[in-house]
Amino acid sequence: MKLRAKIILTAASLALSCALLAGCGSSSSNTASSAASSEDASSVPGSTVLSQASSITLGEDNSTDALNAPFETLLDANPISNQFEIAAMNIEYDFNLPADDVVSYKGVKSNDNGDAGLVLVIEAADGKAQDVAEALQAYQQDQVAFYGNYAEFAQAQDNVENAVIAFKDNTVVMVIASNECTADLDSAVDSALAE
């Protein structure tokens, strides 16, 4: 435990040192280097598909304007309590989706214990919608197994088992009912994919 704490403290001090050093220098050189680095960002290996898709208008949550309508439709049908915004790290590590398969996404999940509520809309890369849907099904099965370990989370487990995963063209959606949801999520998904 002490070693873990030392590693965390070392990483934190390194990050702080880098932040302090980043503030040094003249503003004109910073402007020039920022412009140069933004021009070269799409050519750096390992950069995400999102940074390479310069023609797409991305929001702060890595979504395109095209994802907003289906996302709002699903969120209206399935209100999520104590929302936790799904980030790039979640897309890669929780949902096991390679960056090359995802052009953009927008999603939230419940941050309440025992509530598996989730709304996720993904714009898949061309030809990758089926792969993304299959990865989401694997995530669903992992969540069913997780909630199955806790008798007090039976409602959440049932909600995950009945998750709706569907896609049309390159738009893939996954919806897990929150504990408070009373809407027909199949109809909501049909409406969202029709937009």
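1. Buried residues make up 37% of the 195 residues in the chain. Here buried means under 20% relative accessible area, exposed means over 50%, and partly exposed lies in between (1.4 Å probe, protein chains only).

2. On the basis of the model: it is predicted, so that local features need pLDDT of at least 70 and side-chain atom pairs count only at pLDDT 80 or more, while totals for chains, interfaces and linings use all residues. Residues are numbered from 1 along each chain as its sequence is written, and side-chain values use heavy atoms, with hydrogens and water left out.

3. The chain has eight helices and five strands. Their order from the N terminus is α-α-α-α-β-α-β-β-α-α-β-β-α. Both kinds of element are DSSP runs numbered from the N terminus, with helices (H or I) of at least four residues and strands (E) of at least two. Of the contacts with a separation of 6 or more, 62% are between residues 24 or more positions apart; contact means heavy atoms within 4.5 Å.

4. Helix α4 (65–77) packs with helix α8 (residues 185–194): their axes come within 9 Å and cross at roughly 165 degrees. The α4 helix is therefore roughly antiparallel to α8. Axes are lines fitted to C-alpha atoms, for helices over the stretch in contact, and angles run from 0 to 180 degrees between N-to-C directions. Angles under 35 degrees count as roughly parallel, over 145 as roughly antiparallel, 65 to 115 as roughly perpendicular and the rest as oblique. The crossing of α4 past α8 is right-handed. From α4, the contact uses P70, T73, L74 and A77; from α8, it uses L185, A188, V189, S191 and A192. By class, these are seven nonpolar, two polar and no charged residues. Nonpolar covers Ala, Val, Leu, Ile, Met, Phe, Trp, Tyr, Cys and Pro; charged covers Asp, Glu, Lys and Arg; the others, Gly among them, are polar.

5. Helix α6 (residues 129–147) and helix α7 (residues 154–161) pack at about 165 degrees, with axes 9 Å apart. These two helices are therefore roughly antiparallel to each other. The crossing of α6 past α7 is left-handed, a term for the near helix being turned anticlockwise from the far one by less than a right angle, with right-handed for clockwise. Q140, Q143, V144 and Y147 of α6 meet A156, Q157, V160 and E161 of α7. The classes in this contact are four nonpolar, three polar and one charged.

6. D142 lies in α6 and counts as partly exposed, at 48% relative accessibility. D142 and V160 are 18 residues apart in sequence, and their C-alpha atoms are 9.6 Å apart in space.

7. Most residues other than glycine have a negative phi. Phi of N82, however, is near 45 degrees. N82 sits in the loop between α4 and β1 (83–85) and is partly exposed, at 45% relative accessibility. Phi of N96 is near 55 degrees, also a positive value. N96 belongs to the loop between α5 (88–94) and β2 (102–110) and counts as exposed, at 53% relative accessibility.
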